Amino acid sequence: MIHNASIEKYRTPVGAVTCGSEMTIRLYETGKSVSKAEIIMYSETFHREYEMKRKKDCMEEHLKITNEAGIVWYYFRIWEHGRCYFYGAKHGQTQGEGMIYDDTPQSFQITVYEKDFDTPRWMSKGIMYQIFPDRFCQGNKKNMERGKAYHESMGRDVYLHDEWEERPIFGPLPGKEFYDPCDYFGGDIEGIISKLDDLKRLGINCIYLNPIGEAASNHRYNTSDYKKVDPFLGNNEDFKRLCQLAKERRIHVILDGVYSHTGDDSVYFNKRGNYQEPGAYQGEESKYYDWYDFNEDGTYKSWWGFETLPEVNELNEKFVDYIITGEDSVIKHWLSLGASGFRLDVADEFPDEFIFKLRSELKNKFKNYALIGEVWEDVTTKESYGTKRKYALGKGLDSAMNYPLKVNVTDYLLGNQSAEDMKTFLLSQQCNYPKPLYYALMNLLSSHDIPRIRTTLATGMNENFPSREQQAEYVITSKMDQKGKSLTRLAIAVQFFVPGMPCIYYGDEYGMHGLMDPFNRGTFFENDKETYQDVLKLTNMRNQEKVLQTGHALYMAADDDVLAILRFISRKKDVFGEACENKALLLLINPTQMEKEIEIDLAEAKEGVSESELQLLSKNLTKTVVKTKAAPMDYKIIEL
C-alpha cells in the first residue's frame, strides 16, 4: 500500500485546507490482496475511524474536514492476508510518502485554518531589512549626548564608544561584577533616515526595527516607557518623520512589540524610584500593580527568572487596554506615528487570546497592517505551557520568523543533510502552513539572536557556540571566510527563491561577521562590496519577477547534493488568483566542491502542487527535461 500526503493523487486537495473543506484520501495498492482499510483521524477534540471504500486500484474515503481551525492527524489500519498492520508518516515527517508499521505509527498532518484568513500582499511580494538601531548609522551626534545625560540622570550605567569600528563590550565594565549591555555607538533614527535611499536601491520595502522605546540597555528589550523613543535614538517626531519619508519610498516600518515583560526600571514597575508616578513596586496604589504577580514576601514573577524583567499578566484587562484596546493604546500610538505593524517578541509565551485581540485591533484599523511572531519552531504544531497553539491558523499572526529555514539551509550547505532532506523540510512547510501565512513568512538567515550567516557557514558552527570570552578570541581565517562567502551566496539564493518575505539582517548584504550576542550586533560597515553586488542581483530579480513573489513552488533533489527549486505561474494567475504572466524559473544549488552533471525530469515532480497546475506547467514549458552542469559551490538560475 502507498500513500503520499503531498501528492494530490493520494490526498485531494494537497496541503493545508480551510475549515469545513471536503477532502478525499486514497491508499493505492500494488496488488489486490487488501481486504479492508481504515483511516484513523484525530485532533484535540475528536477521534474518528472510517472504513475506506474500494475504487479499482485504490482504497479511498471522502471526508468533510472539521469546522474548527486546528491540526488534524491521520494514519491507516490495513488488513491483508489475515494480518493487521498500520501505515503512517515516516519517522520525523508529517508529509510525503509513508511507511508500514507493526504498531501505532507516526501520523500525517492536515492543517485546518480559518476561511477568511489573508495576509498583506506587500509581505508576500516584499523584502525586509532588519536594523539593530544603535549599530546601524549615526545621524545626529547630539542624540548621543542627550541619551548619556538622560540615562545617567537615572543612575544608569552608560559607556560610550569613541570609535564606530570598536568591538561591542562583552564582559563586565571595570569595577562591575556582571556584564551589562550598556555600551552605545550612537546609531539613531536620523541615521536610518540618511540610509533610506540606499535601502531603496537595495530593493527593500520593509524595515524591521529592534526596540526603539526608552530602556536601560542598548537592546531595549527591558522597556522603560512603551510610548517614548529612547533619547539615544532621538524622539517621537524623528520616528514620525522616518515613517513619512519611508512611505514616500514605498517602504513599511515594523516595530518590535515587547509585551510579555517590562523593565524593572520603568514607568510601570519603578523598582529604582526613577519615575515620579508610583510603579507596581511601590504597592497597590499604583495603577500598574495589577499587571504583575507579587508574592507575599515582596518577590515577583519575572521573565525566565531575570529580576530586571518583571513579567506581566498579558490578559489583565488594564494591561490589554494599555497595550491594545485603549483609545491611546501603545499599538495605536505607534500606528498613528506611521508604523505598519509589529513583530511580537516571544509570541509563543503569550496566550492565544492576547494575540487574537492584537490582530483584531490591527486589522480593524487597516487590513494591511502586519503582525509577525517570534517563533523558533514549526509554527503550526508549536506547543507551549501545555497548550497547542492556534495563532498561525487565521485569527492571530500574519507571519512568523522562519528560524527552521535558517537551521535547515545551513545544515544542508554545511553537508549535515542531503538535498533530499532539504527538499523534505521545504515540502513540509509548504504543505503544513496555511497558504496566506506561508507566502508571508519572514525568511531569515541571521538576526540579533543568532550568529550572522557568513560566520555560521565559515566556521561550521550552526547551533553550538563557545563562551563569549572564547568567541571574542575566535579567529576566522581568510580561507574560512572565503568558504563562508561562497556558501552565503547559495543560502541567499535559496532565501530569495522560496515563498515568503526574505529578510536581510543589517550588514549581511556586505558579508559582515558576528558570532552570538553581542558580536552579531556589531556596527554596520561595508565589509565586502562583491557580496553586495551578489545580493543586489537577487533583490532586483525578486522585485522584478512576480513568479518569485507569488508563484507556485516545486522542490526537488537533483541528486544527493544538488537542490532544485522551480517557481512557476502556469495559468496567467498566481497562487492568490491575481493576474500574472506565465513564467518558470529553476534554481539549482550545488554546495559541493565538485562540478555536477544534472538531469531533471520536471514532469516527474508531483509533490506540493495540484495536478491541474502541473499539467498546465508541462504544456507551457519549452522543455520538461533539464540537462545542465552545476558548478562547484555555486548556483544556477535557468528560465524555462
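Accessible areas here come from the Shrake-Rupley method with a 1.4 Å probe. On that basis, the chain exposes about 25,900 Å² of accessible surface, with 46% of it belonging to carbon and sulfur atoms. Keep in mind that this is a predicted model.

As for the fold, the chain holds 17 helices and 31 strands. Its radius of gyration is 26 Å, close to the 26 Å that the globule rule gives for 640 residues, so the chain is as compact as a globular protein of that length. Along the principal axes, the C-alpha atoms fill a box of roughly 85 × 55 × 45 Å. Of the 640 residues, 62% count as buried.

Now for the charged pairs: the whole structure has 58 salt bridges. Take E60 and R26, whose closest N and O atoms are 3.1 Å apart. E60 sits in strand β7 and R26 in strand β3, so this pair ties together parts that are 34 residues apart in sequence. E60 is buried at 18% relative accessible area, and R26 counts as buried at 17%.

R220 and D230 make another salt bridge, at 3.7 Å between the closest N and O atoms. Both partners come from loops, R220 between β16 and β17 and D230 between β17 and α5. R220 has a relative accessible area of 1% and D230 has 0%, so each counts as buried, the cut-off being under 20%.

Finally, look at the surface, where W304, F306 and Y385 form a nonpolar patch with about 470 Å² of accessible area together. W304 lies in the loop between β18 and α6 and counts as exposed at 63% relative accessibility.

Key: Residues are numbered from 1 along each chain as its sequence is written. This is a predicted model: local features need pLDDT of at least 70, side-chain atom pairs count only at pLDDT 80 or more; totals for chains, interfaces and linings use all residues. Side-chain values use heavy atoms; hydrogens and water are left out. Patches are made of residues with over 30% relative accessible area and no salt bridge: like charges are joined within 9 Å, nonpolar side chains (Val, Leu, Ile, Met, Phe, Trp, Tyr) within 5 Å. A salt bridge is a side-chain nitrogen of Lys or Arg within 4 Å of a carboxyl oxygen of Asp or Glu. Helices (H or I, at least four residues) and strands (E, at least two) are DSSP runs, numbered from the N terminus. Buried means under 20% relative accessible area, exposed over 50%, partly exposed in between (1.4 Å probe, protein chains only). The radius of gyration is taken over C-alpha atoms; the globule rule is 2.2 Å times the number of residues to the power 0.38.
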